[in-house]
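Subject: Structure handover

Dear colleague,

Here is the structure you will be taking over. My notes on it follow below.

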2 protein chains.
Amino acid sequence: MVENLQSLIPFFQPRSIALIGVSTRTGLQAFNILEQVLAGGYRGRIYPVNPKGGTLLGLQVYRTVSEIPETPDLAVISTPRTAVKEVIQECTARGIKAIIVITQGFADADSWGKQTQQELQEIVWNAGARLVGPNTIGVVNLYENLNTSFIGFLRKEADTAMICQSGIFLLGAADFTGGIGLGVDIGNAADVGFSESLTFLGQEPRVRVINLHMEGIKDGHRFMEVARAVTRTKPVLCLKTGRSEAGARAASSHSGSLAGEDHVFTAAFKQCGVIRVRDVEEMLYLNKTFLTYPSMPGQRIAVVTISGGAGIMAIDACSACGLEVARFSEKTREKLAAVFPDWMEVNNPLDIWPAGMTRGYLEILELSLDTILEDPGVDAALVISPAYLPPEEDPRLDISRTINQAASRHPEKPLALWIFGNYRHELAARMEKENRVVVYPSPEKAMASLATLYRYLHEIKGRAPGHPAVFTDFHEERIDSLLAVAMREGQATINEAALEILQAAGIPVLPSRVAHSTGDAVRIASSQGYPVVMKIVSPQISHKSDVGGVKVNLKDDREVAAAYNEMMEVVSARVPQATIKGVLIQPYRPGGVEVLLGCKRDPSFGPVLVFGLGGIYTELFRDVSFAIAPVDREKALDMIRETKAYRLLRGFRGQPPANIDALVECLLRLGQLVTRWPEIVEMDINPLLVDPQGAVAVDARITLHTSNL
Amino acid sequence: MVENLQSLIPFFQPRSIALIGVSTRTGLQAFNILEQVLAGGYRGRIYPVNPKGGTLLGLQVYRTVSEIPETPDLAVISTPRTAVKEVIQECTARGIKAIIVITQGFADADSWGKQTQQELQEIVWNAGARLVGPNTIGVVNLYENLNTSFIGFLRKEADTAMICQSGIFLLGAADFTGGIGLGVDIGNAADVGFSESLTFLGQEPRVRVINLHMEGIKDGHRFMEVARAVTRTKPVLCLKTGRSEAGARAASSHSGSLAGEDHVFTAAFKQCGVIRVRDVEEMLYLNKTFLTYPSMPGQRIAVVTISGGAGIMAIDACSACGLEVARFSEKTREKLAAVFPDWMEVNNPLDIWPAGMTRGYLEILELSLDTILEDPGVDAALVISPAYLPPEEDPRLDISRTINQAASRHPEKPLALWIFGNYRHELAARMEKENRVVVYPSPEKAMASLATLYRYLHEIKGRAPGHPAVFTDFHEERIDSLLAVAMREGQATINEAALEILQAAGIPVLPSRVAHSTGDAVRIASSQGYPVVMKIVSPQISHKSDVGGVKVNLKDDREVAAAYNEMMEVVSARVPQATIKGVLIQPYRPGGVEVLLGCKRDPSFGPVLVFGLGGIYTELFRDVSFAIAPVDREKALDMIRETKAYRLLRGFRGQPPANIDALVECLLRLGQLVTRWPEIVEMDINPLLVDPQGAVAVDARITLHTSNL
């Protein structure tokens, strides 16, 4: 599939539409697409198609696609699933280049459906046409009065776009995203998918926020590339579902999506600047936030509140999402102290009720807001106010005018609101009319939204694209031949040779040789130099230390000989079924931090790098970070910083700091290795020892793609 | 202060009220309490008091309290703060036994306010009267038309109660808790506080859910005792604010509350069955949930959805909060398969749209609900349905009748809803009229609420009270004398003698003696038996292993002598400023899990036990659990289970399981020790070694209350 954005234009801006399989009934129970297209006010030419012919809602109905007097820009098919293939053939024969298949029952259903979807895809591709769906409600373009749904909904225009795998996000857009401009339900995504749609909507100037509802994705790498570009200019939010195992199973039967492990999506989104949202409420408030506030200079938040108790909640929420509680300037304090009761300290949160009771609530609110928003130490403000009664019954608490005026005087600093009380929706509606402020349903949502706004504006928007380091000193032939040997011998797992492969990729490894006798052990140890470490080698034993298969800090020939003999005895006794292949001998390098570097192949995103603390704590605490390979230097550092291991590496409790640069280089090289040699499906370097001198791989294991064997 | 529930009755059910300091102005800007009391429909006798006299709103105004023709049940004072003390004296002189002080500016303000609050408290106590406030809006009893607020609000009755430290929770109750029956704003809680109010409301038969908004608490132990009893019969929810450090500072200036560490509150609430809520939205939906659903037989949830995509979100949410995805019975599958399209598998989540399109949405919904709710493998159901248009414009999607009928046929299983689309509020209002179902704003809120409902009904409600174990074999005199020695010597910290104190409390300790010379070391080691461990003793060195101050597994006299000399040399070189007091020698006991047991004194709750993984990982991962001391066996086990250390103790990666019973006993004994000897303000046993044989304290430290020195 070659990406061709031109080919998507007919979906969103068709001059003419064929509606194939349109019902001849109308009204509520008929699910008649024609009726909805007309209700939406579509201004292009419409050609209903139904074998019965006749007229419908004032339009001529054509019996077949070939009868239509022109080649329509877009065909929307909603016939029973058994007829879809034939209709598509008619469409492509008629030269139609954009086709939407509404009908369900393909990759989302049984094996007939899965097979047939593949056939539809081929027909469309061979004809140079494009397909949205199947299993979709199609597209929405409220800017130009187009929607292809078969069910009525509130058409509320907003400068947002939506790419989803479930029609509810287009039909419910007024609720989920506060309105919509352009949207496409890619359904089973047989042809048009996330990457292309995102590129297309990213280039649409009217769209200011793009939302994704994703159940799975095929071309993860391509998606990341597109998203990296789009998120530089506009925020992209993603509600990825199928997070849980049960949810992923349900997703695969809903849209035929292949959902890999959820934490891989989290890592991928983070890398390409996509903001992952947890639920539909977060999605709604982030859309409002991005559409309302153009800037936010810093993270220092002021809270102006009618209630001290509510102010405390806001401060808690502020701290919880990493924002800072602003400190008011001397000037601000003095100005406010002049109108506040003597006994009250002027502080953030600012409780304006005591002053408001005597001097008028709206007057004090106005003065407070202007004073605070002029304070250079404040970057945004949250106002907390009640709506206990309908605004018209209690005009004293109707702050909408005061708030909008304050917001218009300080457009560079977000002025957010939390309104509580039974009439908050009424007051919020008044307040939000001018699109200067957002009213949030809780201080937690307000603060979380502002934190995300800040992060987008300062960390994602406009950032320079990163470039994975490319090392040219890999011994490629050596790696090729070591992998070839393993494959020739039918090995799914490479153990001892794994360190050699790493070495060929420029990752430092600890010298290591396997001894097969006591004499051997002593010879190897003394040639490496004392002290040494000894580890049992057996395909049946993966946790060596648990069975007495590890001895450290052996200082001379005598200790090595004794350790060899003891290990043979103890391990055979504890794991009688194990085949012992010898004892690995390495120099003993005490101190340093043991970390784990690994890689796993994901069905959507390919090789995924893993970093974490080594040893038994990897498993116990799952303190690991992930990134899609390859990575650049900054991302590699991020991976390290995300884990608790970072604290150890920086020098925990007086230890000297480890050489993090050397560790970063290992991550970069590992990323290049697993990207260049896709036959490596899994890899573990555990431990990689990082100390002040550098990083060195002590033990490693590689798993090969079995179909390569 | 003796608890006397009778004394609270006049606050909630006064036959007569004096309103002292009532404004002579009326209308919106006047904040006139009399006006609100009248608007609320209060049926008792009202005596406004204002030095100006005259009449107000048709009532005679008395110049002083003494002029009132009877002794009112309740006085509500809203004079300026400087007048409050004198007015209270007049009230108590007049024999008034219940007083509310609305006025702000006491412990919430400056030093004058803090001092004066103490004086008010004393006046009231000496007169045998009771005080609510100061800094409060007083009480609400919507059952009997009473409220003492000075601001209008929607009076929406519901069988909930609220005890708060901020008036917004009474005024905004329609929004925060979906309505209210009884409520009290304890404000600065100079006299009446959480514990008494909770006991009182716990005994009120009309109240079915009790809510707390807490900024801090004084009598933590008493509160836990009360809450333990009340939560056995009705759910108690608590929004504890001041979670963050900045929030706690703000709380202390808002209501003069002393907020200890937040995780201590979390632990305390858990121990006494109080459900901690994170925000006001969670509070609202839990109130609705508890008021609506009387039972929930198990945790297996069915999802019936108009959209497969939405069903996946619900399944994710279900898994995320520990509920189970129900598996439908054969019977259910067959019954539904008969009306579903052939290509569709009948599964949970159940997407009813394809069947609904052809057979009628409401009909299929009804059939699906009845079938599923009759399935013995389903304990509750979530229905997902849209409201794209106003319900009257799209009656096909107005499911309110169908839902309420299904709910009434299956009252034992919660039927919950998530409705989306711009008109969800309208449809929800229709649906919730009959109080049979709750409409949630997201699947996440629905599932989280059901999970809490299940947990309350099956784990908190009606549970038998636990009893901390009481050991009678403590060597009390020995402990007394060891503590006395330390205090006499002015020691704030007990190091070496700490193990002796533990031993006297029946906690096994590893034999240990301090050597002061090489010869000493060899003598002690050989008398303890080899192998041994040696550790440097120095008040300046707390992380001994970091400076070379620990040697393990020393097998004979020669190794001990060498280790002693080396340690002296290395430690002095690394920490030249340290005073070395000798080297501690203990038997070497390899294997086992090193854990930390500790105790810290909290200003609200007294001694708090801490359990976690020992060694450097305690600090790195903060994988610790807390409980208010003393604890019973079950709670001690819970503390262990809450941490990752539990996996190690159960036998991680093939290790034999450690003796958890022995560890539990150590926790119980530690709880008794720190409760019985309050001069111990802090204590650490780190590590306590737990292996299959038992648990043994290896190292410990005790900090004494400095005022005892």
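Before the rest, some conventions. This is a predicted model, in which local features need pLDDT of at least 70 and side-chain atom pairs count only at pLDDT 80 or more, while totals for chains, interfaces and linings use all residues. Residues are numbered from 1 along each chain as its sequence is written, chains are lettered from A and ligands numbered from 1 in the order in which they are written, and side-chain values use heavy atoms, with hydrogens and water left out.

The two chains

A helix pair between the chains

Helix H12 (residues 308-320) of chain A and helix H9 (residues 245-254) of chain B have axes that come within 8 Å and cross at roughly 170°. Helices here are DSSP runs of H or I, at least four residues, numbered from the N terminus; axes are lines fitted to C-alpha atoms over the stretch in contact, and angles run from 0 to 180 degrees between N-to-C directions. H12(A) is therefore roughly antiparallel to H9(B) (over 145 degrees). Residues of H12(A), including Ile312(A), Ile315(A) and Asp316(A), meet residues of H9(B), including Ala250(B) and His254(B); contact means heavy atoms within 4.5 Å. By class, this contact has five nonpolar, five polar and one charged residues (Ala, Val, Leu, Ile, Met, Phe, Trp, Tyr, Cys and Pro are nonpolar, Asp, Glu, Lys and Arg charged, and the others, Gly among them, polar).

A helix pair within chain A

Helix H24 (residues 633-641) and helix H26 (residues 660-676), both of chain A, pack at an angle of about 110°, with their axes 9 Å apart. That makes H24(A) roughly perpendicular to H26(A) (65 to 115 degrees). By class, their contact has nine nonpolar, no polar and one charged residues.

One residue in chain B

Thr452(B) lies in helix H18 (residues 443-460) of chain B. Thr452(B) is buried, with a relative accessible area of 11% (buried means under 20%, with a 1.4 Å probe and protein chains only). Leaving out residues up to four places away in sequence, Thr452(B) touches Ile275(B), Leu286(B) and Phe290(B).

Regards

Note on methods:
Helices (H or I, at least four residues) and strands (E, at least two) are DSSP runs, numbered from the N terminus. Angles under 35 degrees count as roughly parallel, over 145 as roughly antiparallel, 65 to 115 as roughly perpendicular and the rest as oblique. Buried means under 20% relative accessible area, exposed over 50%, partly exposed in between (1.4 Å probe, protein chains only).
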